[in-house]
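User: I would like to learn how to read the structural features of a protein model, with the cut-offs behind each term. Could you take me through one case step by step?

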Amino acid sequence: MFEDSTFWLFVVTPGLLLGLYAQARIKANYVRYSGVGTSGGIAGAQVARALLDARGLQSVRIESTPGMLSDHYDPQSKTLRLSPEVYYTPSLAAAGIAAHETGHALQDAAGYLPLKVRSLIVPAVQLSAKVAPWLFIAGVLFGANSLAWSGVLLFGAQTLFTLITLPVEFDASARAQQLLVSQGIIHGEQQVEGIEKVLGAAAWTYVAGAVSAAGSFLYVAYIVYSMVRRNR
């Protein structure tokens with residue numbers, strides 16, 4: 001497999017290069033704008049609370065959660081969880097991340113369709129991540145076409161999830177930037193530019209994930225297709 005040029009073409013190279021690029025951008029922009037304070041010196045948790053309250057979402061809780069950049073919104077418990085670096089830090093980087101997660105809470109409250117779809121398919125994607133490789137490997141080893149194609153379809157479910165994630169994340173970032181400006185938390189072109197860079201860098205991680213997942217799907221599909229042709 002690793003000697004196959006298609007493996008490097010579809011799976012390794014695009015996802016790896018984009019992933020490295022995304023991580024470099026995130027690190028550079030996070031470090032840079034972690035040193036730039038917010039207007040009024042408010043921390044990430046305060047930013048999130050202000051934005052949620054401005055949209056009438058006082059019932060959404062905000063909690064600190066362990067781990068670096070472990071920030072996320074839980075639609076089941078209506079809880080926004082922020083890493084300590086974001087929760088307690090009065091920086092532009094923390095404000096951008098907190099606002100982005102707030103964007104997901106706003107999507108949930110508005111019934112944003114892509115978020116609903118993503119939430120619905122999460123259990124299926126989690127199952128497919130465990131089962132797909134085994135079905136694919138077993139199908140290829142034993143020459144069982146239907147088993148191998150089942151694995152491919154489950155890989156496709158993971159790819160679909162990453163593709164649905166893209167509009168969800170980009171929309172959350174757009175809502176975040178708009179709210180930060182409208183609520184007066186950021187001011188001036190320099191702060192707006194800083195938020196754009198922080199949010200833009202984070203968006204590239206999802207692009208890299210989608211490209212990597214699509215590459216894996218295309219590769220396993222190619223393997224099974226080639227196997228079927230040889231067995232004819």
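Predicted model: local features only at pLDDT ≥ 70, side-chain atom pairs only at ≥ 80, totals over all residues.

User: What do the contacts, the burial and the surface of the protein chain look like in numbers?

Analyst: A contact means heavy atoms within 4.5 Å, and among contacts between residues at least 6 apart in sequence, 69% join residues at least 24 apart. For burial, a residue is buried under 20% relative accessible area, exposed over 50%, and partly exposed in between, with a 1.4 Å probe and protein chains only; by this criterion buried residues make up 42% of the 232 residues. Accessible areas come from the Shrake-Rupley method with a 1.4 Å probe, and for residues only the protein chains shown count as cover. The protein chain exposes about 11,900 Å², of which carbon and sulfur atoms supply 64%.

User: Which residues touch the most other members of the largest nonpolar core?

Analyst: The general idea is that, in soluble globular proteins, nonpolar side chains tend to be buried together. A nonpolar core is defined here as a set of buried Ala, Val, Leu, Ile, Met, Phe, Trp, Tyr and Cys residues joined through side-chain atoms within 4.5 Å. The largest one has 31 residues, and those that touch the most other members are L51, L52, I62, L80, L82 and L180. Two or more residues come from each of α1 (5-34), α2 (44-54), β3 (79-82), α4 (92-110), α6 (145-182) and α7 (188-230), with α4 giving the most, at nine residues. Apart from this core lies another, of twelve residues, including A148, F155, Y219 and M227.

User: What is I62 in contact with, leaving aside its neighbours within four places in sequence?

Analyst: With those neighbours left aside, I62 is in contact with A45, A48, R49, L52, L80, L82 and Y87.

User: Is T65 buried or exposed, and where is its place?

Analyst: T65 is in the loop between β1 (61-64) and β2 (72-74), and its relative accessible area of 14% makes T65 buried. Beyond its neighbours within four places in sequence, T65 is in contact with S70, R81, L82, S83 and P84.

User: What is N145 in contact with beyond its neighbours within four places in sequence?

Analyst: N145, which lies in helix α6, is in contact with M227, V228 and N231 once those neighbours are left aside. The C-alpha atoms of N145 and N231 are separated by 9.6 Å, although the two residues are 86 residues apart along the chain. N145 counts as partly exposed, at 29% relative accessibility.

User: How many salt bridges does the structure hold?

Analyst: A salt bridge is a side-chain nitrogen of Lys or Arg within 4 Å of a carboxyl oxygen of Asp or Glu, and the structure holds eight. One of them joins D53 and R49, whose closest N and O atoms are 3.1 Å apart; because these residues are four apart in helix α2, about one helical turn separates them. D53 is partly exposed at 31% relative accessibility, and R49 is partly exposed at 25%.

User: Which parts of the chain does the pair of R118 and E169 link?

Analyst: The side chains of R118 and E169 meet in a salt bridge (3.1 Å, N to O). This pair links distant parts of the chain, with R118 in helix α5 (residues 113-142) and E169 in helix α6, 51 residues apart. R118 counts as buried at 15% relative accessibility, and E169 counts as buried at 5%.

User: Which residues are linked in a network of salt bridges?

Analyst: The network links R61, E63, D74 and R81. Within it, the side chains of E63 and R61 meet at 3.6 Å, N to O, and E63 is partly exposed at 29% relative accessibility, as R61 is at 42%.

Note on methods: Residues numbered from 1 in each chain as written. Heavy atoms only, no water.
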